[in-house]
Amino acid sequence: MRVIEKPREGEYPACAQIYIDLLPDDGLILKYLADNLKATRKFVLSIPKDRLLHRYAEGKWSIKEILGHIVDDERIYVYRALRFARNDSTELLGFDQDQYARYSDANKRASTDLLDEFSLVRRSTIAFFKSLDAAALLRTGVANGQKVSVRALAYHIAGHELRHLSIIRERYLE
């Protein structure tokens, strides 16, 4: 398995630390992305269908909306990685995750449909990061006003997923 070293401080905004800290320092990010895909799929399929629309508090997302958010976030972060890996210095804007969730219609979709989309996006993510050479992984760009390296974006994607799964376990399924 290819090794992509964990990013160092200064390669990502401070707010991403919570995600990056969830991953080991062994460089096996591609393995974790693949393993997380299987684990997330199994976990979501184990949740009773009536719980997938549950919100633990007013204004919070449902579990289906969280899954849709994970997919949207991954697509956006891979897009950022593509731009920066190709040495595009254009500063990229942020996005309003609540707006995306609101208009995703995730609650109207079958969980298997959401998981199929997630699987396709994740396999594409892994293929993309696997294709990059060492120089591309170290390139940086600015997104949402923050400097970030390509490899930090890979770690963000994996850690972001883990963080949301932890929130589901702690706040939605107790």
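Reader: In which hand does α3 pass α5 in the crossing?

Author: Left-handed: that is how α3 passes α5. Keep in mind that this is a predicted model.

Reader: Where do the axes of α3 and α5 run, and at roughly what angle do they cross?

Author: Helix α3 covers residues 63-85 and helix α5 covers residues 111-131. Their axes come within 10 Å. The crossing angle is roughly 20°.

Reader: Parallel or antiparallel: how do I read α3 and α5?

Author: Use the cut-off: angles under 35 degrees count as roughly parallel. The axes here cross at roughly 20°. Therefore α3 and α5 are roughly parallel to each other.

Reader: Which residues in α3 meet α5?

Author: From α3 come K64, L67, I70, V71, E74, R75, V78, A81, L82 and A85. They meet S111, L114, L115, E117, F118, V121, R122, T125, F128 and F129 in α5. By class, the contact holds 13 nonpolar, 2 polar and 5 charged residues.

Reader: What span should α5 have, and how far apart are its end C-alpha atoms?

Author: Take 1.5 Å a residue. The 21 residues of α5 should then span 30 Å. Its end C-alpha atoms are 30 Å apart, so the two values agree.

Reader: Which residues of α5 are buried?

Author: Buried means under 20% relative accessible area. In α5 the buried residues are S111, L114, L115, E117, F118, S119, V121, R122, T125, I126, F128 and F129.

Reader: What covers the buried residues of α5?

Author: The cover includes α3, together with α2 (29-46), α6 (134-138) and α7 (150-172).

Reader: Where does D105 lie?

Author: D105 lies in the loop between α4 (97-102) and α5. Its relative accessibility is 42%, so D105 counts as partly exposed.

Reader: Where does N144 lie?

Author: The loop between β1 (140-143) and β2 (146-149) holds N144. Exposed means over 50%. N144 has a relative accessible area of 52%, so N144 is exposed.

Reader: Buried or exposed: how does R102 count?

Author: R102 lies in helix α4. At 52% relative accessibility, R102 counts as exposed.

Reader: What distance separates the C-alpha atoms of R102 and V150?

Author: They are separated by 28 Å. Along the chain, R102 and V150 are 48 residues apart.

Terms used:
Residues are numbered from 1 along each chain as its sequence is written. This is a predicted model: local features need pLDDT of at least 70, side-chain atom pairs count only at pLDDT 80 or more; totals for chains, interfaces and linings use all residues. Side-chain values use heavy atoms; hydrogens and water are left out. Axes are lines fitted to C-alpha atoms, for helices over the stretch in contact, and angles run from 0 to 180 degrees between N-to-C directions. Helices (H or I, at least four residues) and strands (E, at least two) are DSSP runs, numbered from the N terminus. Angles under 35 degrees count as roughly parallel, over 145 as roughly antiparallel, 65 to 115 as roughly perpendicular and the rest as oblique. A crossing is left-handed if the near helix is turned anticlockwise from the far one by less than a right angle, and right-handed if clockwise. Contact means heavy atoms within 4.5 Å. Ala, Val, Leu, Ile, Met, Phe, Trp, Tyr, Cys and Pro count as nonpolar, Asp, Glu, Lys and Arg as charged, and the others, Gly among them, as polar. The expected span of a helix is 1.5 Å times one less than its number of residues. Buried means under 20% relative accessible area, exposed over 50%, partly exposed in between (1.4 Å probe, protein chains only).
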